Amino acid sequence: LQNVRIDPSSISFSMWKDIPVPFYLSVHFFEVLNPEEVLQGAKPVLNERGPYVYREYRYKTNITFHDNDTVSFLEYRRLFFQPDLSNGREEDYIVVPNIMLMGAAVMMENLPSFVKIMLSGVLAGLKQEAFMNRTVGEIMWGYDNPLVDAVNAIIPGLIPFKGKFGLFIEFNSSHSGLFTVDTGMKNISRVHMVDTWNGLKMVNYWRSKECNMINGTAGEMWPPFMSPTSLEFYSPDACRSMTLVYEQSGKFQGVPTYRFVAPKTLFANGTEYPPNEGFCPCMQSGILNVSTCRHDAPMFISHPHFYNADPSLLNAVEGLHPSKDKHGLFLDIHPMTGIPMNCSIKLQLNLYIKQVVGIMQTGKIKPVVLPLLWFGESGHIEGSVLEQFYTSLVLIPSVLEYLQYIFLGLSVPLIVSAVVLLAMSQRTTTEKSPSHPTTPSEPPPSSETTPLLRDTGTLSPDNDDA
């Protein structure tokens with residue numbers, strides 16, 4: 001138990017501080033094959049491109065231990081493109097929606113008409129269109145977009161950032177917030193459980209107390225002696241706590257594991273699953289509206305290819321093929337220690353687009369939740385770390401168990417021998433001890449050396465006369 005606590009002297013501390021597991025981020029883009037037809041109201045036809053794979057390094061800084069048995073830290077991620085593992089290059093061009101334009105259009109839908117017409121004129125002057133042809137690197141890490149300054153000039157603060165815009169620009173070489181978690185020094189069942197995130201006990205993105213709660217761990221490790229029920233973690237990327245459920249027991253490279261997966265209710269809407277009502281306003285079941293924590297942009301997250309989502313989302317586009325094996329997320333965790341052995345977290349990023357009257361660039365686009373990309377973060381313990389795990393948690397306990405049976409097997413004949421010797425000893429003792437008959441016996445014959453013992457109180461009268 002001491003080795004799973006967050007303590008500099010524990011074996012797992014270095015693993016917690018600088019995660020030795022090689023993580024990979026795989027990004028799959030959805031290219032729009034018929035952008036002109038979509039502008040006229042046609043169904044989008046998508047083609048999946050990729051994966052574009054990045055090696056992910058995680059490390060913690062600002063590690064501060066507190067008197068209440070908690071520790072605070074910032075965890076950073078650094079990503080490096082892996083061309084040998086990728087199906088494409090960062091220089092590949094892909095046709096995708098103009099995220100800034102289409103997002104701003106939906107955000108401005110309820111503003112006065114003259115404001116929208118003014119914005120449309122500015123967009124035309126900047127030669128901005130509903131779809132754009134950009135490289136993978138630009139979409140990921142950012143490109144100069146004059147639209148940011150133009151929109152903020154008309155509606156100050158609508159787009160709360162400056163400079164380059166990229167979907168993963170805040171993902172690389174940045175942290176996911178200040179976590180404060182329990183060290184488990186006093187209560188091992190609380191180790192890794194989140195105490196606060198960015199100083200908050202609860203977030204304020206959602207409409208109910210339950211949905212705003214910060215539950216579980218930071219998603220790296222869990223308390224030991226896990227039960228095959230469920231686990232929770234707080235995800236800053238999803239802006240909420242997430243619960244996974246137990247699916248099955250198994251083994252990873254010989255190490256016993258519990259597999260946890262996402263339930264169908266994870267992204268269900270409030271109608272299908274009432275506890276999720278706090279995450280609304282909702283659309284179809286199977287997508288989560290994250291606009292409240294994404295600067296009010298009409299962004300939604302889901303499982304890749306709308307796996308486990310309402311069929312209407314899948315039918316609104318062409319080119320998606322949901323599969324549990326390809327698109328379901330899972331965590332394989334060693335239940336005794338709470339340490340993940342193998343994991344794959346997969347999410348899809350979607351943009352809600354539609355025709356907005358007054359902004360001519362939106363054409364006649366029919367309302368649709370359009371997939372932009374999906375990504376998977378995966379990793380598994382290997383090499384010397386796996387060998388240490390297997391030796392400490394499988395091999396040594398197995399040897400001890402076998403030795404237990406060997407000792408038990410050797411002790412059986414010893415016990416039998418002891419019982420036999422004890423029985424023989426008791427028999428010998430019995431044979432040497434005087435007998436004690438239960439029936440009267442004849443008195444022994446008298447002899448010259450055997451005195452006749454008589455009780456004077458029992459002499460006959462004839463003897464008295466003599």
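The structure is a predicted model, in which local features need pLDDT of at least 70 and side-chain atom pairs count only at pLDDT 80 or more, while totals for chains, interfaces and linings use all residues. Residues are numbered from 1 along each chain as its sequence is written, and side-chain values use heavy atoms, with hydrogens and water left out.

A search of the whole structure finds two disulfides, a disulfide being a pair of cysteine sulfur atoms within 2.5 Å. One of them is formed by cysteine 239 and cysteine 293, whose sulfur atoms are 2.0 Å apart. The link of cysteine 239 and cysteine 293 is right-handed, with 85 degrees about the S-S bond. Cysteine 239 lies in the loop between strand 10 (230-235) and strand 11 (240-252), and cysteine 293 in the loop between strand 13 (287-289) and strand 14, so the pair ties together parts that are 54 residues apart in sequence. Strands (E, at least two residues) are DSSP runs, numbered from the N terminus. Cysteine 239 counts as buried at 2% relative accessibility, and cysteine 293 counts as buried at 12%. Here buried means under 20% relative accessible area, exposed over 50%, and partly exposed in between (1.4 Å probe, protein chains only).

A disulfide also joins cysteine 280 to cysteine 282, with an S to S distance of 1.9 Å. The link of cysteine 280 and cysteine 282 is left-handed, with -90 degrees about the S-S bond. Cysteine 280 is buried, with a relative accessible area of 9%, whereas cysteine 282 counts as partly exposed at 31% relative accessibility. For cysteine 211, the closest cysteine sulfur is that of cysteine 280, and the distance of 8.4 Å is too far for a bond. Cysteine 211 counts as buried because its relative accessibility is 4%.

Cysteine 343 likewise has a place in the description of the strands. Cysteine 343, in strand 16, is the bridge partner of leucine 331, and cysteine 343 counts as buried at 9% relative accessibility. Strand 16 (residues 339-353) is mostly covered, with 14 of its 15 residues buried. Strands pair if DSSP finds at least two bridges between them. Strand 16 pairs with strand 14 (residues 299-302) in the antiparallel sense over four bridges, and within this part of the structure serine 302 has glutamine 348 of strand 16 as its bridge partner. Strand 16 and strand 17 (residues 368-380) run antiparallel and are joined by twelve bridges. Leucine 349 has leucine 373, in strand 17, as its bridge partner. In a regular strand the side chains alternate between the two faces of the sheet.

Strand 15 and strand 16 also run antiparallel, joined by five bridges. The hairpin of strand 15 and strand 16 has four residues between the strands, and in this hairpin glycine 338 takes a positive phi near 80 degrees. Histidine 334 is found in strand 15 (residues 330-334) and counts as buried, at 2% relative accessibility. The side chains of histidine 334 and threonine 337 are joined by a polar contact of 3.0 Å. A polar contact is a pair of N or O atoms within 3.5 Å; within protein, one must be able to donate a hydrogen and the other to accept it, and residues adjacent in sequence count only if both atoms are side-chain atoms.
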